[in-house]
Amino acid sequence: MSVMRGQGMLSELLPAWRVKRIIRYVLLYIVAYGLTIIFALPFLWAVSSSLKPVNELFLWPPQLIPKTWRFENYVEIWHVAPLARFFVNTVFVTVFSVSGRILSAALVAYGFARFRFPFRNFLFLLLLSTLMLPYQVTIIPTFLLFKAFGWLDTYNPLIIPNWFGGGAFAIFLFRQFFLTIPKDLDEAAKIDGANTLWIFIRIILPLSKPVVITMVVIGFLESWNDFFGPLIYLNTPEKYTLSLGLANFQRVVSAGGQATEHLLMAASMVMTLPSILVFILLQRYYIQGVVISSGSK
Amino acid sequence: MIAPIKRRLGLSTPLTLSQREALQGFIYISPWIIGFLVFTVGPMIASAYLSLTDYNIVTPPRFAGLSNYEYMFGDRLFWKSIENTLYYTVIFVPIAIAGSLGLALLLNQQIAGRVALRTLYFLPSVTPVVAAAFLWLWIFQPQIGLMNSIISALGFGNGPLWLGHPGSSKPALIIISLWGALGGNTMLIFLAALQGIPKELYESADIDGAGGVGKFRYITVPSISPVILFNTVLGVIGALQMFTLAYVASSGRQQQFSPGGPLNSTLFYVLHLYNSAFDFWEMGYASALAWVFFVIVLAITGFQLWTSRRWVYYEGED
């Protein structure tokens, strides 16, 4: 009797629709948070492997928590491969690529956003259509051109093209942003006798900080992670960027036949960390940029 | 354009305001115009010409007519690379689109810690592809790797050789790509689109007594259909260009075969192009491959845009 009464009270307290809602929420949380394990597991496994001594790498079944923590692996990688050199090279290429992209894309976007000239819309459509052009289509003549310039095995092929417009995506992003800046500001400055370059530098650019940061993040990630460019243009190991150095890591490291997976994992994490940090710190700007580019806002 | 400048240099008549504006506009966009001519138009024309030549870089190009294209149709590796690329694209893109949309729907619910979840889902896509390749090569290690130890712990016996066997190498690459793609840009774009759907649409559907599936089918999907098209078109173009992951995964030290292995099972189109150009230095043939690639990408993109008229709904129409 009492049990049945209890059930009756329970169903009064928790009508069917509320039970359904609670179950739905519990499932939602399990799925949403359960998925983080799948996304995070490769990182956790890499970090765990990177902290193991060699003999623990081959234990069966694999252990997620190392028995002996070998933090020295993270010191060793800088000695067994010229990782510091790769790091500096990558920073160099990234800094000059990203700054060139931002400067030239902003200038070009300013031209498209604020000036009327013949064929403007046609040229802008042409620019947008290059978004869909795979870079492999032009890679061979471009390679031959840089070879003729004597630029092979230098950073020029990785940096200089970025100074010519910075790509359709960057120009599009800047233009969309410039269009939201009221023209009255330009007009007022013009009446005061300012020329267009002055207006660009003193009015438009200072108001465009968010989109500049967006391009810093996107440009950083692209240059930092680029593999195809360095693979084709760089030959001397001392000039390698991190991605190319990492790809050749196991050839570079001489461990006397020993396994090097723990060091490889450590080096992979070292290369990944800057990307993750930049994204986490500046993700607000990154997300804004991606959303603008899709035209869904 | 030139006449006004000449007149100006001759100090005859000053430029009108609109001529001045046009001139300045052209000056500002000139970096792109120069870049476009030097790095896009020029190379496209040059590669069209090179594709008609025999060119090994050491000796000057020798005109060879259409022989590169003829050779291509008999090139076993060309067909193999087409097959691999289509296999990868046809399986990867639909799962990536559906999965990203699923994650976006999840993040569009009222859950505590949504921002943290979004960040966590996103991290794989900022991971450098080379690093991701090594992380996963280690997980897919056949004897002592994490994946096969989970498979055997679940009672499924010995797992596959993954990247060591032609039957499991492409599925392994698809898994790695999905890990990097599901929570990435595609998801962010879907999420923004979902947040842009007016609440009133759902409220009026509630009044009409529509269920969850009905609302998804008749409100959510039509509302975000332009974004589905956008993500699909870019997803397909990206998948057709598959290179870095396959290159790194198949040329590491553990694998004792050339990039594209085992048995050419991960020889994707761009990898074949790369090998032809920068391994065998057949610049003429590689240029022909590049042009055919361009036509393929153009045709597939055009086809998608053409069929999209049937299912993409634009606001303000009808």
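**Exercise 1. The two chains together**

How many residues of chain B are in contact with how many residues of chain A?

*Solution.* Let us start with the ground rules. This is a predicted model, in which local features need pLDDT of at least 70 and side-chain atom pairs count only at pLDDT 80 or more, while totals for chains, interfaces and linings use all residues. Residues are numbered from 1 along each chain as its sequence is written, and chains are lettered from A and ligands numbered from 1 in the order in which they are written.

Step 1: two residues are in contact if their C-beta atoms, placed from the backbone, lie within 7 Å. With that rule, 73 residues of chain B touch 69 residues of chain A.

Step 2: look for the main contributor. Helix H2 (residues 17-50) of chain B supplies the largest share of chain B's side, 20 residues. Helices (H or I, at least four residues) and strands (E, at least two) are DSSP runs, numbered from the N terminus.

Step 3: sort by class. Ala, Val, Leu, Ile, Met, Phe, Trp, Tyr, Cys and Pro count as nonpolar, Asp, Glu, Lys and Arg as charged, and the others, Gly among them, as polar. The side of chain B that touches chain A then has 52 nonpolar, 19 polar and two charged residues.

**Exercise 2. One helix from each chain**

Describe how helix H16 (residues 261-294) of chain A meets helix H6 (residues 129-139) of chain B.

*Solution.* Step 1: the axes of H16(A) and H6(B) come within 9 Å and cross at roughly 145°. Axes are lines fitted to C-alpha atoms, for helices over the stretch in contact, and angles run from 0 to 180 degrees between N-to-C directions.

Step 2: find the residues. H16(A) brings A:Glu261, A:Leu264, A:Met265, A:Ser268, A:Met271 and A:Thr272, and H6(B) brings B:Ala131, B:Phe134, B:Leu135 and B:Trp138.

Step 3: by class, this contact has seven nonpolar, two polar and one charged residues.

**Exercise 3. The build of chain A**

Work out the overall form of chain A from its helices, radius of gyration and box.

*Solution.* Step 1: chain A has 16 helices and zero strands.

Step 2: its radius of gyration is 27 Å, whereas a compact globule of 297 residues would have one near 19 Å. The radius is taken over C-alpha atoms, and the globule rule is 2.2 Å times the number of residues to the power 0.38.

Step 3: along the principal axes, the C-alpha atoms of chain A fill a box of roughly 90 × 70 × 35 Å.

Step 4: chain A is divided into domain 1 (2-50) and domain 2 (74-294), with bounds from an automatic or database domain assignment. Their C-alpha centres lie 43 Å apart, and the contact takes four residues from domain 1 and six from domain 2.

**Exercise 4. The domains of chain B**

Find the domains of chain B and the contact between them.

*Solution.* Step 1: the assignment gives domain 1 (17-67) and domain 2 (69-311), with C-alpha centres 32 Å apart.

Step 2: 13 residues of domain 1 are in contact with eleven residues of domain 2. On the domain 1 side, H2(B) gives the most, with three residues.

**Exercise 5. A single residue**

Is B:Ala116 buried or exposed?

*Solution.* Step 1: locate B:Ala116 in helix H5 (residues 114-126) of chain B.

Step 2: B:Ala116 is exposed because it has 11 C-beta neighbours inside 10 Å. A residue is buried if 20 or more other C-beta atoms lie within 10 Å of its own, exposed if 12 or fewer, and partly exposed in between, with C-beta atoms placed from the backbone.
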